[in-house]
Amino acid sequence: MSLLEIKNLHVTVAGQEILKGIDLAINSGEVHSIMGPNGSGKSTLAQVLARRETYQVTRGEVLFDGKDLLAMKPEEAACEGIFMAFQYPVEIPGISNTYFLRSALNAIRKYHGQDEMDAMDFLPMFREKLKLLDMEEKLMNRSVNEGFSGGEKKRNEILQMAVLEPKLAILDETDSGLDIDALRIVAKGVTAMRSPERGMLVVTHYQRLLNYIVPDFVHVLVDGRIVRSGGAELALELEEKGYGWIENEARQSAPASV
Amino acid sequence: MTTAIENLASYLDSFTAFEKRAAGQDLPWLRKLRADAFARFCETGFPTTRDEDWRFTNVAAIARTRFQLPPMRTVRLATPEIAPLRLPGAGARLVFVNGQFAEELSQIPATVNASSLKQKIANSPEAVRGVLGHYLEIERDPFTALNTAFAEDGAYLHVRRGTVLEAPVHLIFISTESDQPAMSHPRNLLVFDDESEATIVEEYFSLGSGPVLSNGATELIAGENTTVSHYMVEREHGEAFNISTLRIQQGRSANVASHSLLLGGGLVRNNVHPVLAGEGGECLINGLFVGHGREHLDNYMYVEHASPHSSSRQFYNGILDGQAHGVFHGRIVVHKEAQKTDAKQTNRNLLLSDDAQIDTKPQLEIYADDVKCTHGATIGQIEENALFYLRSRGIDEAAARRLLLLAFASECVQRMRAGAARAHVEQLIHDYLLSLAQAHGPRSEGQEPVEGERSLEEVG
């Protein structure tokens, strides 16, 4: 059984169909990358998997660990082991990072019938993860993402992922807007999280991140459909030739629109 | 104005009876103060929404109700009944039941010069003469006139020169259920001599149910170079009417913080009126009001800058759910001589339902020419983005809402000095918002998606 199984997924936003039949299976231990031009539906796919309610699934099904993901609320999906690193992490003034993260971890532990973690147990583990992401502890006493630079926000996403240890990690354009140093730190954090028990879905517009996180599979998303799948070498080909040729190819083979 | 004075005869009966037995009636100045105030009240009656200062708050329900003064000390509360109201770490506690001092529930150590105002009037009237009624103006507000007419009991506190009271002084005003609608007019006199420092928590609470009117007024005189924190905590039940007026007189370089927390009540009017009379005074006017059901919470700020180099900061945050109605009326007056005034006003509101309402009204009157005054207001809803972010990390919707409400409220808490008083109100806010978040289920289908925050800011 695959960790994630997407079958013929159709998704509509505000009456417009964005995903037009996605099929994708991710097994534990695998890193898949979704690449594609702007507006192809990459982020929509990530958000649907994280159960954002503004997206309407019109057809298809998604099984996560054999369970119906589309019947889950965002918090249930998170507790079951889905984590999405946001493309635009949200600033929440008035809640400290540490408090937020401990609340999240304890919500997940509670869901699985485990005891809540007190500050004494939480801190040593947390400090270790901070080190992995080259983050300062005093940043964590500040409000969630408030006043963070773009790079700090993205690192904070990976930090949360490292603490919450999901079964499926989804990275929604985590590399966008990062300088090379920040990119390396983020990639180091993600790479450290690669494990036989964890699947990853790396959504990106650029190939750059994939130099550091080498995927097992690359899928190209054009106009709401996966038009091509391959190994890591497909990403390099796209980097070299751009998306134009594959878009043309897709247009020719797509069923005539009504 | 006919509705406004419909129960005048009843007030006249109450006042006649009060005059016969009130402490200090043998003092001509006090007798006159009360008589003048009552005359003023008879002249104006209750305000109506035609009065600019009462535009958003209709007090017809108060005018309509025949409130009576409670009989003398018939209600006795046992110590366990007030245990939940205690402030851990308080240095002194004065408890008033239906406006009357309850000595057996109070605790005043010898180091704190406090007593009931009634005792003070009876034992050493010279201490209050020239101070009581000197700052609160009966012409400004009919409720202040009414309070002054019935001014007798409440808290008296005198902090002597150079004294620092580390632990807060807790004043508790409890209204109890009675057969007929009861009114009380607590009157507090808080005097801080030069270079003293203290924290006062004035807390209003009602037991049981039924209409009850608590019309409190406080004169707070902060001498030169004093540091004073005043907390007004109002948490009455849904049938209670609560009017409170805080008049602050600030001397040179006095630093005063007024924190108001309105956590429930049928109709609540919170007046804060600081006068920065001495040079270089600083005043923080900080508040949080949380309404649900059909509650009406009105905050009326009147900040007067009367001397150069003074600064005032007003920050009020409102959270409104159900059909609650909130009001923020922030008036800043900068007198001609008050050059280099720095006044700022911010009112932020969170509306949790489509039927909740907020009226926010800034009003600047500037007669000096070298001043900085800014004001701004925002009205928003819980941001769906933030809610989704929290939920996507495993936090369920009710808990996520509570966290976001706490975050919004924490802006007010952050402005309080760390200590027992802050810890006390922080816990109250925490508990109150928890019950609010639990009562507030997920949004139902078909509701409008969330709009962005509306914001207006002006610089003058």
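This is a predicted model: local features need pLDDT of at least 70, side-chain atom pairs count only at pLDDT 80 or more; totals for chains, interfaces and linings use all residues.
Residues are numbered from 1 along each chain as its sequence is written, while chains are lettered from A and ligands numbered from 1 in the order in which they are written.

**Strand β14 of chain B**

I took helices (H or I, at least four residues) and strands (E, at least two) as DSSP runs, numbered from the N terminus. In β16(B), B:Gln314 is the bridge partner of B:Ile285. Strand β12 (residues 255-263) of chain B is also joined to β14(B), by nine bridges and in parallel, and there B:Leu261 has B:Leu288 as its bridge partner. I then checked burial, calling a residue buried if 20 or more other C-beta atoms, placed from the backbone, lie within 10 Å of its own, exposed if 12 or fewer, and partly exposed in between. Eight of the 10 residues of β14(B) (residues 282-291) are buried, so the strand is largely enclosed by the rest of the structure.

**Helix α5 of chain A**

I looked up α5(A) (residues 150-164) next, and 11 of its 15 residues are buried, so this helix too is largely enclosed by the rest of the structure. Among the buried residues are A:Lys153, A:Arg155, A:Glu157 and A:Leu159. What covers them includes β6 (82-85), α3 (97-111), α4 (119-132), β9 (168-172) and α6 (180-193) of chain A. After the helix comes A:Glu165, with a positive phi near 45°.

**The open sheet of chain A**

I traced an open sheet of four strands in the order β2-β1-β4-β5 (chain A), with antiparallel pairing. At its edges stand β2 (16-26) and β5 (67-68) of chain A, each with a single partner strand, so one side of each is left without a neighbour in the sheet. Strands β1 (residues 4-13) and β4 (residues 56-64) of chain A are joined by seven bridges, and A:Leu4 has A:Phe64 as its bridge partner in β4(A).

**Where the chains meet**

I counted 16 residues of chain B in contact with 20 residues of chain A, contact meaning that the C-beta atoms, placed from the backbone, lie within 7 Å. On the side of chain B that touches chain A, α7 (384-391) and α8 (397-414) of chain B each supply at least two residues, and α8(B) gives the most, with six residues.

Notes
Two residues are in contact if their C-beta atoms, placed from the backbone, lie within 7 Å. Two strands pair if DSSP finds at least two bridges between them.
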